[in-house]
Amino acid sequence: MSDDAYTPPAIWTWDKQNGGQFASINRPVAGPTHDKDLPVGQHPLQLYSMGTPNGVKVTILLEELLAAGHKDAEYDAWLIRISEGDQFGSGFVAINPNSKIPALVDRRKAEPLAIFESGAIMTHLAESFGAFLPTDPAAKARVLSWLFWQMGSAPFLGGGFGHFYAYAPVKIEYAIDRYAMEAKRQLDVLNRQLEHNAYVAGDEYSIADMAIWSWYGQLVLGRLYNAAEFLQVQEYTHVLRWARELDERPAVKRGRMVNRTFGEPSEQLPERHDANDFDLRTADKLA
């Protein structure tokens with residue numbers, strides 16, 4: 001560990017050049033930076049997002065709802081390019097004052113309903129369609145407990161481990177060690193739960209699985225931070241079993257593609273406005 005010691009100043013000041021890969025979009029104030037209206041498509045559900053783990057949660061759910069026969073779950077998915085600051089446009093800030101993806105506008109009723117935070121969006125959709133969230137109070141509580149576990153834990157994985165391991169301009173041993181320890185603890189929590197359960201909250205596939213898979217499933221499958229070997233994910237055999245099973249679901253494959261602008265071109269669908277937007281090559285691949 002470095003002998004260099006950092007002494008915090010009496011008053012913190014913002015250094016725009018000291019934020020690493022995402023310095024251009026990180027700032028200590030909220031609110032819009034420019035005027036830009038949001039587009040509106042033909043479907044009642046309008047999603048504004050990007051294919052990051054938080055965005056993938058919602059597109060997987062929407063594709064699973066459609067696969068389950070809920071035709072009213074058809075949606076338009078508009079790309080919010082967070083690296084270019086689209087989340088700070090006035091239209092996006094109006095539906096999500098926190099300026100983070102995803103955000104959803106549900107136009108199924110006379111008064112459009114704007115929802116932000118991925119867990120809130122997933123709960124709203126699951127309840128309104130009566131799918132992937134049990135109605136039995138005890139079973140529902142279990143699903144929501146694991147959904148909220150993901151919401152509370154993932155910042156340590158992404159903003160903590162992922163940032164310092166993959167994106168920070170300086171590799172800090174203490175920070176990487178601290179967050180690697182926490183990431184592995186979380187994987188152990190999940191591994192112990194999945195040792196005796198087919199899915200995270202029990203025997204039924206739910207929104208908790210979709211949310212957790214988008215982060216931890218993709219992590220153990222080697223898709224986040226190029227860190228699978230570093231974290232020795234092969235130790236978490238039950239998480240790997242579960243992650244691979246979900247990865248084979250056609251709706252998961254489709255959901256993972258929506259609003260995606262990186263990786264293999266065949267796995268990208270920057271915007272989605274109709275089921276036919278998945279082209280024939282993709283359809284053959286998913287069959």
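Helices (H or I, at least four residues) and strands (E, at least two) are DSSP runs, numbered from the N terminus. The model is predicted: local features need pLDDT of at least 70, side-chain atom pairs count only at pLDDT 80 or more, and totals for chains, interfaces and linings use all residues. Residues are numbered from 1 along each chain as its sequence is written, and side-chain values use heavy atoms, with hydrogens and water left out.

The four strands form an open sheet in the order E2-E1-E3-E4, with mixed pairing. Strand E2 (75-79) and strand E4 (113-116) are the edges; each has a single partner strand, so one side of each lacks a neighbour in the sheet. From one strand to the next, the twist averages 20°. Pairing requires at least two DSSP bridges between two strands. Strand E3 (residues 103-106) pairs with E4 in the antiparallel sense, over four bridges. Leucine 104 is placed opposite isoleucine 115 of E4.

Two helices are described against the sheet. Contact means heavy atoms within 4.5 Å. Axes are lines fitted to C-alpha atoms, for helices over the stretch in contact, and angles between N-to-C directions run from 0 to 180 degrees. H1 lies across strand E1 (45-49) and E2, and runs at about 150° to E1. Helix H3 (residues 118-129) packs on the sheet and touches E1, E3 and E4. The direction of H3 makes about 130° with that of E4.

A helix pair was also examined. The axes of helix H5 (residues 173-195) and helix H7 (residues 237-247) come within 7 Å and cross at roughly 75°. H5 and H7 are therefore roughly perpendicular (65 to 115 degrees). H5 contributes Leu187, Leu190, Asn191, Leu194 and Glu195 to the contact. H7 contributes Thr237, His238, Val239, Arg241 and Trp242. By class, the contact has five nonpolar, three polar and two charged residues. Ala, Val, Leu, Ile, Met, Phe, Trp, Tyr, Cys and Pro count as nonpolar, Asp, Glu, Lys and Arg as charged, and the others, Gly among them, as polar.

The largest pocket holds about 1500 Å³ of space. A pocket is an open set of points on a 1 Å grid over the protein atoms alone where a 1.4 Å probe fits, with protein on both sides within 12 Å along at least five of seven lines; lining residues have an atom within 4 Å of a point. Volume is the space filled by probe spheres set on the points. The lining of the largest pocket has 44 residues, and Thr52, Asn54, Ile82, Lys100 and Trp215 lie nearest its centre. Helix H1 (53-67), helix H4 (137-167) and helix H6 (207-220) each supply at least two lining residues. H4 gives the largest share, eight residues. The lining comprises 20 nonpolar, 17 polar and seven charged residues.

Conventions. Parallel < 35°, antiparallel > 145°, perpendicular 65-115°, else oblique.
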